[in-house]
Amino acid sequence: MNWTPWLPLRALSGWRPRDLNSDLIAGVTLAAIAIPEQMATARLGGFAPEIGFFAFVAGSVAFALFGANRHLSSGADSTITPLFAGGLAMLAASGSPHYLALAAMLALMVGLIVTLSGVFRLGWIADLLSVPVTTGFLAGIAVHIIVSQLPGLLGLPAESGETLRRIGEIAGNLHLTNPWSLGLGLGVFAIVFCADRISARVPGALIAMVLATIAVAVFGLKDRGVEVLGAWPNGLLQAGLPRASLDDVQALFPLALLIAIVVMVQTAATSRSFAPQQGEAPDINRDFVGVGAGSIVSGLFGAFAVNASPPRTAIVAQSGGRSQLSGLIAAAIVLAFGAFGGGLLADVPQAALAGVLLFVAQHILRWKVFANVYRQAPVEFALILITMAAIVVLPIETGVAIGIGLSLLHGIWSATRTLPIELEQVPGTSVWWPPGQPAVGEQLPGVLVAAFQAPLSFVNADRFKRGLCDLIDARTESVRLVVLEASNIVEIDYTAAQALIDTITHCRKTGAVFAIARLESLRAQAALARFGIAELIGPERIFHSVDAAIKALGPDQKTQQQDETK
């Protein structure tokens, strides 16, 4: 194996001193967002707030060393925290030394799985969860976050156990609500929500927590029953292997595998959403190594597994960050708070952290995807509901496993590794055929005829888009017409429809006309109409044969029409 691509500091390559100012601004902004978020996420998992700080530092430093994406932020994440907290609670009492040791060992195991997946280029695993199943998973996680934070918001004793039972107990204790805690929590939520609407770069959570802490001191709210974090000892965590037995490792393995899959899915989605500039494709496998290394370092320092964060990554990109130096700057600031901020943050009310997490919960609910899938793909909408219900009603790791199984069953019928192929015209005929040996076909100047010999679904949508775009970009002469020979495309799902739309957009940017020929499947034709693709292409660019498309839209035909006009 060639190890050269895995040399450290790739995400800092090409950095110039003139980039320092931009990275400094992005790093300070990221730290302002991360400090309250990491505290809240740590509390969500049953850890001391400073543990969240060290998880963020581990994730940021490791990704800067081993990752590829210049903007990606790795650290404590509310998507996976309820998942591993629920699994660990079945093996040890939350907050106990055994619980902390198991969390650190779990972080090591998750990190190893994710890292090895990157080293052995298993990035395709991230395509095994469809958009609807992922949406249902996040909705279920959001419900878990809300239920776990309601006691802190209302000033009630913390609840444990199954989600439905906890909801019942909270409802039965509503008459014991502390109005001061409720007011603080809702106020923090409102400030964070409004700040996010103004700009994601506004550190609304930090502002809200500072105001809530001042309110506790000014109005003496601790004497009115408002719970606060309390001081924690200053200092750094010590490195070392977690104290876990072989039996513990065996018990943790299924949970580690589930969390690793979720981490890979979210990391891949983040890498693709914030891809490098100048048309460079994201290196998802390298990003797996960076995020996985973050979990390994986090586990060695007694913290928990980390994950890529789309919101924080967006903050870095929007703040003008040029490299992972912004993440290192943020890590240095957060490390200082974790090591020396025990007294400074002692009066932060628990209700304020609950308000931050309630905002996170509503933020990860993909309302637009819910609506789009319900309107355009009712069957896939059922996957959202089933996955969400499984996550909420069943033990959370069981729900995740069911969601993954549903996703695989939904996509197993389609080819997972199919790529578009360029067809050639059989000389003297109107037949277009895959290239053979020996080559007997021919290409027409300015015309690309491509076929995709499988259903279009979430498991191959990204390969379809990138493969067809690569075929267009690889042609030495300028492509003026792209014809998709679609006789084998019998289905198009929601995820694939978005990829097809992106492909059409790419064609138009290159100056090419996009047409579809031989789309024989009635289901695929209905999908074109349902997802608005038929309208985007235009009915006049959908043909019964490749020959008809070329005669109507080919470069020679256009030239002839222009000559006749003259």
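1. Which side chain does Asp-547 meet in a salt bridge? That would be Lys-551, at 3.2 Å from N to O. Both belong to helix 21 (residues 546-553), and because they sit four residues apart, about one helical turn separates them. Lys-551 counts as exposed, at 55% relative accessibility. Keep in mind that this is a predicted model.

2. Asp-462 is buried, with a relative accessible area of 17%, while Arg-466 is partly exposed at 31%.

3. Arg-518 lies in the loop between strand 8 (513-517) and helix 19 (522-530), and Glu-485 lies in strand 7 (residues 481-485), 33 residues apart. Glu-485 is buried at 6% relative accessible area, whereas Arg-518 is partly exposed at 34%. The salt bridge count for the model comes to 12.

4. Moving on to helix packing, have a look at helix 5 (residues 131-154) and helix 13 (residues 350-364): their axes are 9 Å apart and the angle is about 165°. That is over 145 degrees, so the two helices are roughly antiparallel. Their crossing is left-handed. Residues making the contact include Leu-138, Ile-141 and Ile-145 of helix 5, and Leu-353, Leu-357 and Ala-361 of helix 13. By type, the contact residues are 13 nonpolar, two polar and no charged.

Note on methods:
Residues are numbered from 1 along each chain as its sequence is written. This is a predicted model: local features need pLDDT of at least 70, side-chain atom pairs count only at pLDDT 80 or more; totals for chains, interfaces and linings use all residues. Side-chain values use heavy atoms; hydrogens and water are left out. Axes are lines fitted to C-alpha atoms, for helices over the stretch in contact, and angles run from 0 to 180 degrees between N-to-C directions. Angles under 35 degrees count as roughly parallel, over 145 as roughly antiparallel, 65 to 115 as roughly perpendicular and the rest as oblique. A crossing is left-handed if the near helix is turned anticlockwise from the far one by less than a right angle, and right-handed if clockwise. Contact means heavy atoms within 4.5 Å. Ala, Val, Leu, Ile, Met, Phe, Trp, Tyr, Cys and Pro count as nonpolar, Asp, Glu, Lys and Arg as charged, and the others, Gly among them, as polar. A salt bridge is a side-chain nitrogen of Lys or Arg within 4 Å of a carboxyl oxygen of Asp or Glu. Buried means under 20% relative accessible area, exposed over 50%, partly exposed in between (1.4 Å probe, protein chains only).
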